[in-house]
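Trainee: I would like to go through this structure and check each term against its cut-off. Please begin with the definition of a contact.

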Amino acid sequence: MMGFFGRLFSKILAKAEPALSDAQPRDAAAIAALHAASFRRGWSDQEVEGLLIDRSVIAQRALIGRAFAGFIMSRVAADEAEILSVAVARSQQGRGLARQLLNLHLRRLAGLGVRTVFLEVDEHNTPAIKLYGRAGFREVSRRANYYPLAGGKTAAALVLRRDIG
Ligand SMILES: CC(C)(COP(=O)(O)OP(=O)(O)OC[C@H]1O[C@@H](n2cnc3c(N)ncnc32)[C@H](O)[C@@H]1OP(=O)(O)O)[C@@H](O)C(=O)NCCC(=O)NCCS
């Protein structure tokens, strides 16, 4: 059970300002753990490490104190990029961290000469749809029956696009 100092420390950490920076291969395990907690299909540590050392992949992370609080990752091909994943630790959600990560990420992509950014999002993922809508992404197509759901149901993927740079 968490004692007084543990609870105090958690409260202090929860209020601490996040520090955003480029993700490194040594972040692979933390990213894999957060990805697994956030999505139905997890990524192994090895898969994430492979992505982080791939020169066409760029990623940023957010730390709060020493705690890993979020990441965002894209693959770049010529002047286009696809956002592969973004996730924020549950305890840190709803305080603008994904928005900060996305803003930094889009600046980094623009700096690399990217002009157009795409991504796929589950039609029912309200926080993500709000996040991208506010950042200027617009729906360009819809892939029906794309994500498998429990009970044999499916959800569509919305393909979103934003021009940058
Ligand atoms: C999507 C996700 C990254 C957002 O992270 P976050 O740090 O909580 O997002 P922000 O605080 O920057 O808020 C972004 C928007 O989502 C809204 N939002 C956040 N949590 C929400 C919730 N539980 N329900 C509804 N809207 C929510 C915020 O209000 C904000 O919208 P607004 O600007 O209109 O107010 C986070 O929910 C997450 O990690 N989800 C699991 C992984 C995932 O689905 N990733 C996206 C895949 S495409």
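Mentor: Two residues are in contact if their C-beta atoms, placed from the backbone, lie within 7 Å. The model is predicted, so local features need pLDDT of at least 70 and side-chain atom pairs count only at pLDDT 80 or more, while totals for chains, interfaces and linings use all residues. Residues are numbered from 1 along each chain as its sequence is written.

Trainee: With which residues is Glu120 in contact, leaving aside its neighbours within four places in sequence?

Mentor: Glu120 is in contact with Ala157 and Val159. Glu120 itself lies in strand S5; strands (E, at least two residues) and helices (H or I, at least four) are DSSP runs, numbered from the N terminus.

Trainee: What makes Glu120 buried, exposed or partly exposed?

Mentor: A residue is buried if 20 or more other C-beta atoms lie within 10 Å of its own, exposed if 12 or fewer, and partly exposed in between, with C-beta atoms placed from the backbone. Glu120 has 17 other C-beta atoms within 10 Å, so Glu120 is partly exposed.

Trainee: Why is Ala78 called exposed?

Mentor: Ala78 has 10 other C-beta atoms within 10 Å and is therefore exposed. Ala78 sits in the loop between S3 and S4. Its phi is positive, about 55°, although Ala78 is not a glycine. Most residues other than glycine have a negative phi.

Trainee: What makes Asn145 exposed?

Mentor: Its count is 11 other C-beta atoms within 10 Å, so Asn145 is exposed. Asn145 is placed in strand S6 (residues 138–148), and Asn145 too has a positive phi of about 55° without being a glycine.

Trainee: How do you know that the buried residues of H4 line one face of the helix?

Mentor: The buried residues are Ala98, Leu101, Leu102, His105, Leu106 and Leu109. Seen down the axis of H4, they fall within an arc of 130°, so they line one face. The arc is that of the directions from the helix axis to the C-beta atoms. An α-helix has 3.6 residues a turn, so residues three or four places apart point the same way. The face of H4 turned away from the buried side carries the exposed residues Arg107 and Gly111.

Trainee: Which residues are buried in H3, and what puts them on the same side?

Mentor: In H3, Val48, Leu51 and Leu52 are buried. They cover an arc of only 95° around the axis, which puts them on the same side of H3. These buried residues pack against H2, S2 and S3, while the opposite face carries the exposed residues Gln46 and Ile53.

Trainee: What makes a set of residues a nonpolar core?

Mentor: The members are buried Ala, Val, Leu, Ile, Met, Phe, Trp, Tyr and Cys residues joined through C-beta atoms within 7 Å. The largest such core has 33 residues, of which Ala59, Phe71, Ile72 and Val86 touch the most other members. Beyond residues up to four places away in sequence, Phe71 touches Ala23, Ile31, Leu34, Ala59, Gln60, Arg61 and Ala87.

Trainee: How many residues surround the ligand, and which are the closest?

Mentor: There are 19, and the closest are Gln93, Ala98, Arg99, Pro127 and Lys130. A residue is near a molecule if its C-beta atom, placed from the backbone, lies within 6 Å of it. Helix H5 (126–134) gives the most to this shell, with 6 residues.
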